[in-house]
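Visitor: I have a structure to look at and some questions about its residues. Could you guide me through it?

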Amino acid sequence: MATDMQRLVGTSEDDEEMGMDVKDEDDEDDEYDENGGGQGNAPGMVEIDGGNGIGTATGGHRFGQHQHFQEQVGTPGGGTRRSRPVEEKERTKLRERRRRAITARILAGLRRHGNYNLRVRADINDVIAALAREAGWVVLPDGTTFPSRSQSQGQKPVGGNSTIVTSSSSHVASQQTPSASVRGVASGYRSPLEYNACQTKSVFMPNPSPYDISSSSRSQTSMGDGEAQRDNLPLIGGSIDNVDEKQIVDLPPRLPERDLAGTPYVPVYVMLPLGVINIKCELVDPDGLLKQLRVLKSVHVVGVMVDCWWGIVEAHAPQEYNWNGYKRLFQMVRELKLKLQVVMSFHECGGNFGDDVCIPLPHWVAEIGRSNPDIFFTDREGRHNPECLSWGIDKERVLRGRTAVEVYFDFMRSFRVEFDEYFEDGLISMIEVGLGPRGELRYPSSPVKHGWRYPGIGEFQCYDQYMLKSLRKAAEVRGHAIWVRGPDNAGTYNSQPHETGFFCDGGDYDGFYGRFFLSWYSQVLVDHGNRVLSLAKLAFEGSCISAKLSGIYWWYKTASHAAELTAGYYNPCNRDGYASIMTMLKKTGVSLNIPCVEMHSVNQHEGFPETFADPEGLVWQVLNAGWDVDLPVTSQNAFPCLNRVSYNKLLDNAKPMNDPDGRHFSSFTYLRLGPLLMERQNFIEFERFVKRMHGEAVLDLQV
């Protein structure tokens with residue numbers, strides 16, 4: 001391990017990139033009182049700023065607080081500690097800063113070069129635990145360390161014997177060091193932005209055991225501020241014998257996974273990088289992409305998904321389309337005998353979780369927006385969001401003589417004509433139609449550019465002149481002209497439900513006006529989806545079309561479901577807000593695409609119990625709402641899946657156990673292709689997952 005540490009130490013540049021935060025503490029070293037009694041302070045924990053988080057925490061408020069020590073402290077014997085000279089204190093500070101700088105470089109080097117996903121506030125115990133796990137050892141949260149099952153059966157661990165005796169009074173790892181912290185990128189982050197700001201490699205854990213990876217009900221988190229989660233895992237089926245104040249741990253058998261051999265075949269696709277086609281509509285790095293596609297083909301991935309960006313293809317003038325880069329890409333995919341899922345992306349890219357490129361709306365649309373900003377969604381304060389067009393102009397001729405839905409239809413029809421041969425050959429297996437921000441059918445209620453951070457409830461987006469015109473008409477039809485307004489007590493982007501008069505328990509959301517407003521607000525969403533998808537069915541007649549919903553799972557366990565309400569899903573505890581959407585999708589003959597199928601509710605509760613998040617409950621509701629009307633269901637992960645526990649959760653949703661109707665996903669798209677997925681051990685897990693989705697037998701059914 002010493003050799004590995006030396007090999008993976010980062011350079012001084014890493015220190016700057018990781019944003020090391022060194023605390024000044026006067027009394028870090030051991031001090032002695034005048035009576036000779038030793039009073040020691042343990043060295044402080046290294047803190048590294050992983051970036052501000054949107055998904056679950058505002059940046060900064062979880063940083064470690066500076067400790068404050070008195071220069072003279074009373075002792076039990078009545079004596080006082082000596083007051084050290086100022087010069088000695090300064091020397092102590094300097095030594096501590098140097099020590100922490102070295103530690104920060106080591107941690108940065110491990111993150112960058114060593115395939116380690118260390119938590120934001122990592123210390124030396126985390127490093128030791130990560131190295132031990134990589135070597136095949138089991139490290140419990142309390143620091144107890146012993147060999148994995150394969151080692152106990154004769155495989156000798158690195159630097160030790162096959163039988164390990166651990167001291168009961170000395171632990172290697174801190175109790176705050178969770179096993180989840182080294183399972184993969186998605187396991188260590190509860191916040192979308194935090195993952196985006198601090199992308200790190202995962203640690204592949206050979207021969208995982210029940211102690212390293214918890215059961216499917218206690219794994220995989222995605223929203224949070226990057227702090228360690230506390231998995232207090234009990235010994236399962238094992239025994240401990242005390243021998244001379246030491247513990248000998250008897251390992252239990254591994255927990256079995258579901259055997260999916262012979263289950264229905266679910267095709268697996270992989271989403272291509274967002275920037276695979278650049279702003280000039282050119283294919284980026286075709287040689288590198290070709291190599292990656294061949295690797296995907298070798299593990300029987302069915303095909304790939306790619307965004308066709310409105311802002312690239314129709315960038316400069318209305319109805320002038322440039323498909324050059326996509327033609328080259330599609331030809332490459334055809335030569336490899338892969339299939340294509342294509343997304344009609346009518347939103348901008350950049351500023352959200354996972355966005356690593358910037359692709360704005362077409363230039364000519366931006367020019368119109370400068371003179372008429374009401375073509376974009378607008379919040380109560382009058383801030384416009386150019387992420388996508390307001391649904392209020394779906395039938396307004398404000399886009400150089402065309403309505404928004406006419407613009408969408410012309411774009412889709414151009415694509416259908418340009419790539420007719422790919423449709424005829426069956427190469428294009430599905431078209432996903434973008435219906436809002438991030439391509440999802442929802443309002444842009446939580447824009448990062450306007451200051452939203454998880455778990456804020458977001459704000460209603462209905463204050464452009466066209467949406468207000470629709471609201472006025474609805475209020476007049478209802479006979480209450482005074483209701484021509486949005487709620488004035490719904491809080492701000494980062495409010496919590498109980499802080500507002502509208503969303504609190506018994507709040508206005510369930511009053512006469514609240515029910516009127518929310519019904520209108522959600523109906524506009526359904527009507528927009530119906531208009532665009534009906535035209536998509538016309539443009540792509542005979543092709544499979546899908547629509548993607550959003551996974552707004554925070555505040556799901558509250559009465560109002562505030563975050564869902566601002567996003568347009570009228571789904572409080574006393575109403576099924578997804579039934580009308582499913583009816584609309586069924587009417588237009590469109591498949592349902594749901595995200596978040598790999599997430600676990602228990603981790604959301606442990607990290608941020610105050611958000612009452614429940615991704616599993618949300619997925620179950622939406623999934624069954626779709627299946628109740630016999631909709632084909634496709635899905636994709638919301639965060640990078642790299643560990644077996646996440647894959648197992650995904651498989652449980654894709655192929656529900658003991659479903660009397662035998663329902664399952666019609667396809668699954670892995671998000672997304674990149675260097676992290678292509679790392680050897682991550683790809684081995686991915687290949688295993690693909691086999692199980694295909695209903696093939698695997699030999700090592702264990703967790």
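Guide: Start with a definition: buried means under 20% relative accessible area, exposed means over 50%, and partly exposed lies in between (1.4 Å probe, protein chains only). This is a predicted model, in which local features need pLDDT of at least 70, side-chain atom pairs count only at pLDDT 80 or more, and totals for chains, interfaces and linings use all residues. Residues are numbered from 1 along each chain as its sequence is written, and side-chain values use heavy atoms, with hydrogens and water left out.

Visitor: Is Asp576 buried, partly exposed or exposed?

Guide: Asp576 sits in the loop between helix 15 (562-567) and helix 16 (579-588); helices (H or I, at least four residues) and strands (E, at least two) are DSSP runs, numbered from the N terminus. Its relative accessibility is 41%, so Asp576 counts as partly exposed.

Visitor: Where is Val301, and is Val301 buried or exposed?

Guide: Val301 lies in the loop between helix 7 (286-298) and strand 11 (303-309). Its relative accessibility is 4%, so Val301 counts as buried.

Visitor: How far apart in space are Val301 and Val268, C-alpha to C-alpha?

Guide: Leaving aside neighbours within four places in sequence, Val301 is in contact (heavy atoms within 4.5 Å) with residues including Val268, Leu338 and Phe686. Val301 and Val268 are 33 residues apart in sequence, while their C-alpha to C-alpha distance in space is 5.6 Å.

Visitor: Which residue forms a salt bridge with Arg692?

Guide: A salt bridge is a side-chain nitrogen of Lys or Arg within 4 Å of a carboxyl oxygen of Asp or Glu. For Arg692, the closest N and O atoms of the pair are 3.4 Å apart, and the partner is Glu257. The pair links distant parts of the chain, 435 residues apart: Arg692 is in helix 21 (residues 680-693), and in the loop between strand 9 (246-250) and strand 10 (268-271) is Glu257.

Visitor: What is the relative accessible area of Lys548?

Guide: The side chains of Lys548 and Glu440 meet in a salt bridge of 3.8 Å, N to O. Glu440 counts as buried at 6% relative accessibility. Lys548 is also buried, and its relative accessible area is 7%.

Visitor: How many salt bridges does a search of the whole structure find?

Guide: Another of them joins Lys649 to Glu616, with the closest N and O atoms 2.4 Å apart. For the whole structure, the number of salt bridges found is 23.
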